[in-house]
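Colleague: Before we discuss this model, could you show it to me, and then let me ask what stands behind each of the terms you use?

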Amino acid sequence: MELNNYFKLILSGKLENESFARSTVAAFCTVLNPTIEEINDIKTAVSEAVTNCIVHAYQGKTGEIIIEVSIYGNTVEIKVSDTGCGFADIAKAMQPFYTTKPEEERSGMGFTLMQAFMDNLEVISTVGIGTTVLMRKNILRDVEDVRA
Amino acid sequence: MGIYSEIVKDTLTVYISGDIDEHTAPELRERLDALLNAGGFKRLLFNMGGVDFMDSTGIGMLIGRYKKLKRDNIPVYVEEVNKQMDKIFRLSGLYEIIGLVR
């Protein structure tokens, strides 16, 4: 599928940037005319991915988060990468309710929500190198465009 | 993020507004716990009508408050949950411990 549009954002992994990150990605996707529900799905998935970078990958230290968004046809592809600690057992990390920080009231539902709110999720992680989360979502076009 | 609360007939209703995420959760937790510690209620109701966005941080925060009150047998309910939050509540099984009031 041909690449129609693309942007790359590098931002400091600070909690106050979470809202900016999810809103920016959602705003970029509006060219595909998504529903409010689809926009909220994207916001939720981005929020989870960015939270993981800050809380788990960088563990309180500030590092860079790289967000790349590509639009191919009706598909949005979102890549969120960090150069943090990485983790070895991806299958375990993706289990619902699995958390390495239960004492901090964490739900362990981050990857589960990314999976549920997007159509496709791939996680690549190397200990000491970093993690990349790749998510795709097809934005369904209305059968009948009321503006036509 | 903001909260407003009132106690009517033994029910503490907490109206939350804004975004619930990793950035806003610490302050929200602190303010909620101050209300919960003050006591004077037999039932807690979260009104989510003013919440624009919630991610999985909200799940942990809500379960934490539920556990805190469970020790005193105080039930927790939620109302005015938007579509995005409803999806999260369903996926995480939150409605099983925090009942939805319609």
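Modeller: Here it is, and please keep in mind that the model is predicted. A place to begin is K79(A), which forms a salt bridge with E68(A), the closest N and O atoms being 4.0 Å apart.

Colleague: Why is the pair of K79(A) and E68(A) called a salt bridge?

Modeller: The rule asks for a side-chain nitrogen of Lys or Arg within 4 Å of a carboxyl oxygen of Asp or Glu. The closest N and O atoms of K79(A) and E68(A) are 4.0 Å apart, so the pair is counted as a salt bridge. Because K79(A) lies in strand β3 of chain A and E68(A) in strand β2 (residues 64-72) of chain A, the pair ties together parts that are eleven residues apart in sequence. Over all chains, the count by this rule comes to 17 salt bridges.

Colleague: How many salt bridges does the rule find across the interface of chain B and chain A?

Modeller: Eight salt bridges are found there. In one of them the side chains of R29(B) and E105(A) meet, with 2.5 Å from N to O; since the cut-off is 4 Å, a pair of Arg and Glu with this N to O value is therefore called a salt bridge. Across the interface of chain B and chain A there are also 13 residue pairs in polar contact, both residues being at pLDDT 80 or more. On the side of chain B that touches chain A, α2 and α3 (83-92) of chain B each supply at least two residues, and the residues of that side divide into five nonpolar, six polar and eight charged.

Colleague: What makes up the contact, and how much area do the two chains bury?

Modeller: The contact takes 19 residues from chain B and 24 residues from chain A, and the chains bury about 1,800 Å² between them, 54% of it on carbon and sulfur atoms. In chain B, the residues that lose the most area to chain A are E22(B), K87(B) and L91(B), together 30% of what that side buries.

Colleague: How do you know that G60(B) and E105(A) belong to the lining of the second largest pocket?

Modeller: A lining residue must have an atom within 4 Å of a point of the pocket, and the residues that line the second largest pocket include G60(B) and E105(A), so both are counted in its lining. The volume of the second largest pocket is about 200 Å³.

Colleague: Which element gives the largest share of the lining of the largest pocket?

Modeller: That share, eight residues, comes from α2(A). The largest pocket has a volume of about 670 Å³ and is lined by 38 residues, with N52(A) and H56(A) among those nearest its centre.

Terms used:
Residues numbered from 1 in each chain as written. Chains lettered and ligands numbered in written order. Predicted model: local features only at pLDDT ≥ 70, side-chain atom pairs only at ≥ 80, totals over all residues. Heavy atoms only, no water. 1 Å grid on protein atoms, 1.4 Å probe; cavity = no way out; pocket = protein on both sides within 12 Å on 5 of 7 lines; lining within 4 Å. Points joined across faces, edges and corners; volume = space filled by probe spheres on them. Helix = DSSP H or I, 4+ residues; strand = E, 2+ residues; numbered from the N terminus. Contact = heavy atoms within 4.5 Å. Buried area = accessible area lost by both parts, 1.4 Å probe. Polar contact = N/O pair within 3.5 Å; in protein donor to acceptor, adjacent residues only side chain to side chain. Nonpolar A, V, L, I, M, F, W, Y, C, P; charged D, E, K, R; others polar.
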